[in-house]
Every structure is written in structure tokens, then in C-alpha cells.
Amino acid sequence: MFFERPESGELAVLVHLEFPQHTDPDDPREFEELVLSAGGDPVAMISGHRATPHARYFVGTGKLEELRECVETHGAELVIFNHTLSPSQERNLEQELKCRVLDRTGLILDIFAQRARTHEGKLQVELAQLRHMSTRLIRGWTHLERQKGGIGLRGPGETQLETDRRLLRVRIKSIEKRLEKVRKQRDQGRRARRRAEVPTVSLVGYTNAGKSTLFNRITAAGVYAQDQLFATLDPTMRRIELPTLGPAVLADTVGFISHLPHRLVQAFRATLEEAASADLLLHVIDAAAEERSRNIEQVEEVLEEIGAADLPQLKVYNKIDLLEELQPRIDRNELGRPVAVWLSAQSGAGVELLLEALAELLGEDRVVQTLILAPAQARLRARLYACHAVTHEDYTDCGDMELAINVPKSDLLRILSQEHLQYDELRWH
């Protein structure tokens, strides 16, 4: 016998087990938020402890019976595990519980599918879903999985499976090609920004830390921002003006989460490269979250995985409006460099401090000053204009030129050496 799987299900029973060997267990409250984010209606949470997962059902037979009763009592159409299930465990559980079973990866993929807005985002989600589905194909054809002898009993099960697998492989290759094209386009954009000497700042952080709200506050971009997990999926970039420094590009990226499935990191490579190639990372942290330290560690892990762990980083402690008597401020290290900014993106308190800290960090290797040149130094003036270093020019009564300079220090030193001049010999205002 086999049963028809329901097309969809909203009433969900949640399952969360704890294992002694897991030093970093997933948070059941975050799991519940994930289900709510996906549009599910959790009717019960079944928890327990096991030494190791059961090979056949993940949960033990006693817990399986409890789960079956719970599904029948609440009329639930969906059981969601806060763990990664093998394809066979998922199939066995569905046969026993007579309802749809989903694991943590499947749940996150479902949320991603709902949130994707751009063509690129949809491609990335589809790629992750197809890779996930490729290991679970057989369960759709359980009634045809064995060839039987006899007239009228020879089924096309294997043929159908092989056809499905081939079609999946073709579609995966096609999406990978298109995403490679997107990646090259993004790379081209990054090279153009580097040539124009426009620094890039990427917002990274745990999901629901307030990245999009902060992005909207700084850029007035109107990006979708909600108090839910994975509200942002598609990267958005905007040009901003920093005090004393000038233009920069701010990028909003997908939020991270504990035990982010590896296939998602792979699928979102084109998006995450935006963070990996930034000049500065703004690590947005929910200052009011109880598990703040753990969230920071999880973000650091994902940054390590995408090769962005060594990039300069400024921590932004957001949501200080939820904490009593905490004022916006900049924390500095022993060298006086900004290392953290405390602010509220919701109210806007402390945002000007963030812009100040950004200008300071990005301007460390830049010269942003006024240079006074005599008429005889017009050749140097021409060279500075040629490399777009002059932002404003004035003349004094005696004919000297006052040039407002904004240029990378390395470029300025190269120009000066070509003119056989020393930085300290020039007149600066």
C-alpha cells in the first residue's frame, strides 16, 4: 500500500531532539520562528533526548508513536524536524505518519522560495531545491520502484526514475551556467567600482538582525524589511555619500543562520561574493537578542566558509531602543580605530555615528585634505585632475590654487614620485 501525499499543509507538528554529542544545538525558539516565517501554524512541539539518531526513523519507536498520536489529535498535515533527515528517513516517516515530513533544510528552502524576488534569486533557490530534490526522487515513485514479473505487472519505474534524474541534471547544469554569467557580470561591476576608486561596504549578519532596516535608514531605498527570518534574499546595492570621504557603495545581503545548509551557501555563491569582495564588512548584530554571542559565532563561521573572514569588519549593535538606558556610541580600540557602533536603525539614533565611523575606516588609506599649489605647480594640478583626485578648486588673491583632494594615498605618492616631490614638502591646509 502507498498513500497520496497532500499537496500542502499548514498545521504543523514540530520535532526537536537534543543529542549529547552536539556542542552547538539549534534553538527551538528559532526553529518555531522559521516555521512561522514559512507560513506554517505550529500546533505542537515534540522534544526529547537521544544518544544517536534512529537509523530508520531518526526518532525512537516510542517517540514515533507519540508523534503519530499528536498528528491524529491535531489533524496536522505536516511534520517538521529541526534536523537534517536522510531521504530514507523522510520516506519511512511519511509512510508511518501518513503525512508530509520536512527537515530543516527543506524548511529553509521553502522560505527562500517564498522570498525570492529577482530572476537571480529565483535561479539560486531553484538550484538549491533541485540539488536537495535529486537525492529524494525515488519517493515519488515508490509504487513503481520494483520491476515485477508477469503480464501486466512490468512497470516503467526504473525508466521513469532515470528520466527524472536526467532531466534534473540537465536543468541543474542550465541554471549553473546562467548563474556563472550573473557572477561574471557582478565581477565586472566590482572591477569598474575598483577602477573608479569607489569603496564597497557590505552588510552581513544573522537573519532578522535589522540589516534591511539599517540599509533603508541610510539609503532611503525602500527595501522590504520585516520582523521575520530571511526577509531579504536578493542583494541590493545603493550609492551613499560619506562625510569628508565622498561616494561609497552599500550592499545588503542575505542573512545567515546557524547550521546554514552547505548547498545553500553553494547556490548563493554569486550573492555572497558581494560580501567576500567588499572593502569593509558591517556586521549587524541584534543587541537585544539573548543568544547574541552565539549568533556572532555563527556569522563568523559562514564568513570563514565564503572566504571573507579576514576582511576589515565594523560591528554594528542594532536595536538599542529595546535595551534600557543605552545611548548611541562608538567603541574604539587602543589605537583609536572604531571597532563597534551602538545604534537603533528603527529610530535612527546613532546612524550619524555609523557614517562617521565608516568615513574614518574607509578613509584611513586616503588623503582627504586641501592642497595649496603655486601657479608654477600647474603640472601637478593636471596630474591630480587626470586621476580624478580633485573634488573642488578655488583660487586665492595671490593666484595660488586651493585643491580639495580625495585620493588613495598610494595613488598620490605615485604621482608625487613622478614629479620628484615629497608629501611633506607640499603645503596642506
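Which side chains meet in a salt bridge at 3.8 Å, N to O? The answer is Arg239 and Glu241, a salt bridge being a side-chain nitrogen of Lys or Arg within 4 Å of a carboxyl oxygen of Asp or Glu. Arg239 counts as exposed because its relative accessibility is 58%, and Glu241 is exposed too, with a relative accessible area of 52%. Here, exposed stands for over 50% relative accessible area, buried for under 20%, and partly exposed for what falls in between (1.4 Å probe, protein chains only).

A word on the model itself. It is a predicted one, in which local features need pLDDT of at least 70 and side-chain atom pairs count only at pLDDT 80 or more, while totals for chains, interfaces and linings use all residues. Residues are numbered from 1 along each chain as its sequence is written, and side-chain values use heavy atoms, with hydrogens and water left out.

On to the overall picture. The protein has 13 helices and 15 strands; these are DSSP runs numbered from the N terminus, with helices (H or I) of at least four residues and strands (E) of at least two. Of its 429 residues, 48% are buried. With contact taken as heavy atoms within 4.5 Å, residues 24 or more positions apart supply 69% of the contacts that have a separation of 6 or more. The accessible surface comes to about 21,600 Å², and carbon and sulfur atoms hold 49% of that; the areas are from the Shrake-Rupley method with a 1.4 Å probe, and for residues only the protein chains shown count as cover.

Leu78 gives a local example. This residue sits in strand E3, residues 78-81, and counts as buried because its relative accessibility is 6%. Leu78 is 38 residues from Gly40 in sequence, yet the two are 9.0 Å apart in space, C-alpha to C-alpha.

Next come the strands. Strands of a sheet pair through backbone hydrogen bonds, either parallel or antiparallel; two strands are taken to pair if DSSP finds at least two bridges between them. Four strands make up an open sheet in the order E13-E14-E12-E15, with antiparallel pairing. At its edges are strand E13 (390-395) and strand E15 (427-428), each of which pairs on one side only. Strand E12 (residues 366-373) runs antiparallel to E15 and is joined to it by two bridges, with Ile372 opposite Arg427 in E15. Elsewhere, strand E10 (residues 329-332) and strand E11 (residues 338-342) pair in the antiparallel sense over four bridges, and Arg332 stands opposite Pro338 in E11. E10 and E11 form a hairpin with five residues between them, and Gly336 in the turn has a positive phi of about 85°.

Back to the salt bridges, of which the structure holds 15. One of them brings together the side chains of Glu300 and Lys315 (4.0 Å, N to O). Glu300 is in helix H10 (residues 292-305) and Lys315 in strand E9 (residues 313-318), so this pair ties together parts 15 residues apart in sequence. Both are partly exposed, Glu300 at 27% and Lys315 at 23% relative accessible area. Another joins Arg381 and Glu393 (2.7 Å, N to O). Since Arg381 lies in helix H12 (residues 378-386) and Glu393 in strand E13, the pair ties together parts 12 residues apart in sequence. Arg381 counts as partly exposed at 24% relative accessibility, whereas Glu393 is buried at 19%. Finally, Arg29, Glu290 and Glu291 are linked in a network of salt bridges.
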